[in-house]
Amino acid sequence: MSLRDFFIYLFIMAGVTYLIRVLPFVIFKGKITNRFVKSFLFYVPYAVLGAMTFPAILFSTGNYVASVAGLITACVLAFREKSLLTVAIFACISALAVNLIYMAV
């Protein structure tokens, strides 16, 4: 890829990102009063974060079994309302342990 192409792609990406962030402010000038729209917009960040994170969880270790073990550990600890740091640390430890066991066998 040439330097010229890189900057063309960069400016297009920056423009699209800017439009996505500015467009809601231009379209919705007043306060949103519709209950359905407000509830929909409330859950959008969680849905997007989940859709982006879930595939990364399953394919991050290169070992599907270790990834699922970390996911299960994270879900159990999250449902028990442990802190984010605790959930992340124990999910990583369980994925590492399963990966080490899987590699030894």
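**Briefing: exposure, a nonpolar patch and aromatic pairs**

T33 counts as exposed because its relative accessibility is 69% (exposed is over 50% relative accessible area, buried under 20%, partly exposed in between, with a 1.4 Å probe and protein chains only). This is a predicted model, so to speak: local features need pLDDT of at least 70, side-chain atom pairs count only at pLDDT 80 or more, and totals for chains, interfaces and linings use all residues. Residues are numbered from 1 along each chain as its sequence is written, and side-chain values use heavy atoms, leaving out hydrogens and water.

**Around T33**
- T33 sits in the loop between α1 and α2 (35-59) (helices are DSSP runs of H or I, at least four residues, numbered from the N terminus).
- From T33 to M52 is 29 Å between C-alpha atoms, with the two 19 residues apart along the chain.

- V16 belongs to helix α1 (residues 3-27) and is partly exposed at 44% relative accessible area.
- V16 is also one of the residues in a nonpolar surface patch, including M1, L3, F6 and F7, that has about 1,300 Å² of accessible area together.

**Aromatic pairs**
- The count is four aromatic pairs (ring centres of Phe, Tyr or Trp, its six-membered ring, within 6.5 Å; planes under 30 degrees apart are stacked, over 60 edge-to-face, the rest tilted).
- F6 and F7 pair edge-to-face, at 5.3 Å centre to centre and 70° between the planes.
- F6 is partly exposed at 41%, and F7 is partly exposed at 36%.
- F42 and Y43 also pair edge-to-face, with 5.0 Å between centres and 85° between planes.
- F6, F7 and F11 make up one aromatic cluster.

Note on methods: Patch = residues over 30% accessible without salt bridge, like charges linked within 9 Å, V, L, I, M, F, W, Y side chains within 5 Å. Areas by Shrake-Rupley, 256 points an atom, 1.4 Å probe, with all protein chains shown as cover. Salt bridge = Lys/Arg side-chain N within 4 Å of Asp/Glu carboxyl O. Helix = DSSP H or I, 4+ residues; strand = E, 2+ residues; numbered from the N terminus.
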